[in-house]
Amino acid sequence: MDRAAEMTAFVTAVENGGFSAAARTLGLTPSALSKLVSRLEDRLGARLLHRTTRRLQLTPEGETFYNRAQRILSAMDEAEAEVS
């Protein structure tokens, strides 16, 4: 299981306002992106997003996870940049 892929899918969906836009950004299908986010929610045992046909809305747990995940992904990018 790739936790980084799940986290990236979640953060990108939030930042793009939906699964379709996030999927385009990541080069995935909306279905594949949705499955990554669903797997993340299942693993955490918490709903992170309220999904409607028009938009995504973070749950309180989603807000907490989003803020932390965003910092983690940024730190990973910085670490890779330092080494390469």
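This report describes the helices, the nonpolar core and several individual residues of a predicted model.

## Helix 1 and Thr-12

Helix 1 has 14 residues, which at 1.5 Å a residue should span 20 Å, and its end C-alpha atoms are in agreement with this at 20 Å apart. Its buried residues are Glu-6, Met-7, Ala-9, Phe-10, Val-11, Thr-12 and Ala-13, and the elements that cover them include helix 2, helix 3, strand 1, strand 2 (56-58) and helix 4.

Thr-12, a residue of helix 1, counts as buried because its relative accessibility is 9%, which falls under the 20% cut-off. When residues up to four places away in sequence are not counted, Thr-12 touches Ala-22, Thr-25 and Leu-26.

## Helix 2

In helix 2, the buried residues are Phe-19, Ala-22 and Ala-23. Viewed down the axis of helix 2, these buried residues fall within an arc of 100°, so they line one face of the helix. The face turned away from that buried side carries Arg-24 and Thr-25, which are exposed.

The packing partners of the buried residues of helix 2 are helix 1, helix 3, strand 1 and strand 2. After helix 2 comes Gly-27, with a positive phi near 70°.

Helix 3, which covers residues 30-44, has 15 residues and reaches 21 Å from its first C-alpha to its last, close to the 21 Å expected at 1.5 Å a residue. Leu-33, Leu-36, Val-37, Leu-40 and Glu-41 are buried in helix 3, and because these buried residues fall within an arc of 135° when seen down the helix axis, they line one face of helix 3. On the other side of helix 3, Lys-35 and Asp-42 are exposed.

The buried residues of helix 3 pack against helix 1 (3-16), helix 2 (19-26), strand 1 (49-51) and helix 4 (60-83). Just after helix 3, Gly-45 takes a positive phi of about 70°.

## Where helix 2 meets helix 3

The axes of helix 2 and helix 3 come within 8 Å and cross at roughly 100°, which means that helix 2 is roughly perpendicular to helix 3. On the helix 2 side, Phe-19, Ser-20, Ala-22, Ala-23 and Leu-26 take part in this meeting, and their counterparts in helix 3 are Pro-30, Leu-33, Ser-34 and Val-37.

Leu-33 shows how this region is connected: leaving aside its neighbours within four places in sequence, Leu-33 is in contact with Ala-9, Ala-13, Phe-19, Ala-22, Ala-23, Leu-26 and Leu-28. Phe-19, Ala-22 and Ala-23, which are among these partners, are also the buried residues listed for helix 2.

## The largest nonpolar core

The largest nonpolar core holds 19 residues, of which Phe-10, Phe-19, Leu-33, Val-37, Leu-49 and Phe-65 touch the most other members. Helix 1, helix 2, helix 3 and helix 4 are the elements that give two or more residues to this core, and the largest share, five residues, comes from helix 1.

Val-37, one of the residues that touch the most other core members, is found in helix 3 and counts as buried because its relative accessibility is 0%. Apart from neighbours within four places in sequence, the contacts of Val-37 are Ala-9, Phe-10, Phe-19, Leu-49 and Arg-51. Val-37 and Phe-19 are 18 residues apart in sequence, while their C-alpha atoms are 9.5 Å apart in space.

His-50 is found in strand 1, and because its relative accessibility is 40%, His-50 counts as partly exposed. Leaving aside neighbours within four places in sequence, His-50 is in contact with Arg-55, Leu-56, Gln-57, Leu-58 and Thr-59. A separation of 12 Å lies between the C-alpha atoms of His-50 and Phe-19, which are 31 residues apart along the chain.

Notes
Residues are numbered from 1 along each chain as its sequence is written. This is a predicted model: local features need pLDDT of at least 70, side-chain atom pairs count only at pLDDT 80 or more; totals for chains, interfaces and linings use all residues. Side-chain values use heavy atoms; hydrogens and water are left out. Helices (H or I, at least four residues) and strands (E, at least two) are DSSP runs, numbered from the N terminus. The expected span of a helix is 1.5 Å times one less than its number of residues. Buried means under 20% relative accessible area, exposed over 50%, partly exposed in between (1.4 Å probe, protein chains only). The arc is that of the directions from the helix axis to the C-beta atoms. Contact means heavy atoms within 4.5 Å. A nonpolar core is a set of buried Ala, Val, Leu, Ile, Met, Phe, Trp, Tyr and Cys residues joined through side-chain atoms within 4.5 Å. Axes are lines fitted to C-alpha atoms, for helices over the stretch in contact, and angles run from 0 to 180 degrees between N-to-C directions. Angles under 35 degrees count as roughly parallel, over 145 as roughly antiparallel, 65 to 115 as roughly perpendicular and the rest as oblique.
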